[in-house]
Amino acid sequence: MVKAHVFAHELVAGRYRLLEVFSRETNRLWWYAEDVAAEQPRLVAQTALPEPVDQDTARRVTARVVRTSETMRLLRPGQVAAVVDAVVEAGALWTVTEWVDGTPLGELLAREGSFHPVRAARLGLELLDVLQAAHDEGVTHGELSPGQVFVRDDGPVVVTGFGLAGATLVPRLTAPSYASPEQARDERIGPAADLWALGALLYTMVEGRPPFRDRGRLDATLKAVDRLPLRTPLRAGPLTQAVQGLLRKNARERLTRPVVREALTRALREDTDAERPPAPEPRLRGAYRAVRHAGPPRGRRALAAGTALAVVTVAAAVLAASGALSSGTDSAGAPPRATPSSPAARQPGGGATPASTPTSAPSSKPVPALPAGYRRYTAPEGFSVALPGGWKRLTTSRVSDLAYRVTFGRGGDSPTLAVTYSERVGPDPVAVWRDDVEPGLRELPGYARVGAVRATTYQGRRAADLEWLAGSGDARAHTFGRGFLLGGTRGFSLRFTTPAAAWDDAANRLALKTFLGTFRTPEE
């Protein structure tokens with residue numbers, strides 16, 4: 001997966017200031033950015049390269065991206081974003097795109113969960129127009145996914161990412177859930193792969209999840225795409241046959257563009273009154289305006305909270321983040337994507353209390369005295385907690401205004417504390433851990449629950465604890481989590497992870513006790 005070796009407000013190629021991650025795929029981050037030379041907002045895609053490339057290869061890759069994008073922009077003006085620059089730097093291909101006045105499809109789905117089939121059909125037709133223009137010109141996109149589609153209020157969708165397929169020299173590393181079976185088998189691809197991706201996007205729009213979920217490991221996800229049967233769509237309505245026809249494993253059996261166009265056009269006539277309101281204003285406008293008035297950056301440490309190493313497309317991924325639990329760091333892979341109304345998106349997070357760990361006093365009591373070397377940290381989000389000396393804010397993951405996760409630690413393999421907030425929490429913390437979170441954790445290598453999921457009370461609130469082990473050898477990790485409710489559908493979780501061999505160290509036991517005893521919500 002993409003490992004962010006850069007921070008918000010750092011410059012790429014000496015002129016593109018990174019502001020905020022707004023979309024994440026398996027091997028790609030999308031950043032809101034600013035061209036400081038032209039004083040213009042930009043979108044920057046950071047695609048990790050699997051191996052170092054020489055200057056000739058870098059020139060060839062970047063020239064291909066710019067050339068293919070320009071060809072498509074001329075063929076479909078207003079529907080293909082212009083690539084203004086492409087560079088290879090710091091082990092990544094950086095593709096700089098003009099600002100698109102729209103909302104990323106992944107972000108839109110995270111907010112709304114799913115679309116009515118009529119709305120999905122309209123967006124599908126707009127995507128089909130772009131794909132037909134590309135295929136008629138002999139161009140295969142090969143990377144179509146929610147991260148490459150922007151939905152606008154006052155115009156058709158805008159597609160990015162042309163020319164990126166194969167640029168990393170390893171097939172389909174960016175969004176494997178939308179890869180075609182032939183891509184999963186590392187075969188030569190053509191227009192049929194794009195039609196599969198269109199079917200996968202339609203499926204995701206109506207179902208609120210991709211047809212084949214991201215399993216956290218590229219090979220596992222691609223194997224599922226190639227071998228597992230398609231889960232029958234339940235909400236596709238008039239799009240059902242079109243979606244199933246596009247998602248046929250055999251490329252020669254997939255629906256052709258004319259048949260797809262007819263099916264989507266027919267669906268548009270079904271019930272136009274059922275469409276939802278247009279997409280909200282994209283966050284780029286606010287992010288760009290804030291930076292333009294903020295003055296020069298204040299340094300790496302002060303701005304590290306803006307790195308957003310693990311921005312994801314749905315609240316479930318932020319809250320479960322099961323791929324990170326084996327190592328104690330944030331990750332965007334693992335549990336299935338979910339709609340805000342589905343069980344996986346309602347998780348408060350949390351974990352099982354060790355028998356020796358006391359529950360902290362109700363929040364109305366004064367904050368206990370801090371152990372030597374600890375200091376109280378108050379986050380911009382409003383919560384506060386006492387941290388040991390040398391601990392700092394490492395990563396931030398955010399899903400619009402619905403959820404966020406902040407991870408603290410010293411870095412490397414040292415212990416970490418992850419604080420997660422969600423506005424989509426279910427009413428029973430025990431059931432959330434047992435039924436929604438743990439199924440994803442079981443996919444981690446070496447996963448083993450420690451004890452039972454236990455109901456408890458934390459600061460006078462309903463809570464539940466889960467404790468587990470994951471990984472093997474020196475990488476085996478021990479995690480304790482506590483999820484608790486604030487009221488309504490809001491909740492927090494605290495997850496403390498250490499190397500398994502060091503779980504019972506006095507310093508770690510003191511840290512866990514202090515975290516539980518000093519954590520305060522924004523309301524306190």
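Guide: The side chains of D129 and R261 meet in a salt bridge, with N and O 3.0 Å apart; the term requires a side-chain nitrogen of Lys or Arg within 4 Å of a carboxyl oxygen of Asp or Glu. D129 belongs to helix α3 and R261 to helix α8, so the pair ties together parts that are 132 residues apart in sequence. Helices (H or I, at least four residues) and strands (E, at least two) are DSSP runs, numbered from the N terminus. D129 counts as partly exposed because its relative accessibility is 26%, and R261 is partly exposed at 26% as well. Here buried means under 20% relative accessible area, exposed over 50%, and partly exposed in between, with a 1.4 Å probe and protein chains only.

This is a predicted model, in which local features need pLDDT of at least 70 and side-chain atom pairs count only at pLDDT 80 or more, while totals for chains, interfaces and linings use all residues. Residues are numbered from 1 along each chain as its sequence is written, and side-chain values use heavy atoms, with hydrogens and water left out. The mean pLDDT (the predictor's confidence in each residue, from 0 to 100) is 78 for the protein, and 77% of its residues reach 70 or more. Over residues 272-365, pLDDT stays under 50. Where pLDDT is low, the predicted coordinates should not be read in detail.

Helix α8, which carries R261, spans residues 257-268. Its 12 residues reach 16 Å from the first C-alpha to the last, close to the 16 Å expected at 1.5 Å a residue; that expected span is 1.5 Å times one less than the number of residues. Buried in α8 are V260, A263, L264 and A267. These residues cover an arc of only 95° around the axis, which puts them on the same side of α8; the arc is that of the directions from the helix axis to the C-beta atoms. P258 and E262 are exposed on the other side of α8. The cover over the buried residues of α8 includes α3 (117-136), α5 (191-207) and α7 (240-246), and α3 is the helix that holds D129.

E34 forms a salt bridge with R17, the closest N and O atoms being 3.3 Å apart. E34 lies in strand β3 and R17 in strand β2, so this pair ties together parts that are 17 residues apart in sequence. Both E34 and R17 are buried. R17 is also the bridge partner of E34 in the pairing of the strands: β2 (residues 16-25) and β3 run antiparallel, joined by eight bridges, where pairing requires at least two bridges found by DSSP. A hairpin of two residues leads from β2 to β3.

Strand β3 (residues 28-35) is largely enclosed by the rest of the structure, because eight of its eight residues are buried. R28, W30, Y32 and E34 on one side and L29, W31, A33 and D35 on the other are all buried.

Notes. Contact = heavy atoms within 4.5 Å.
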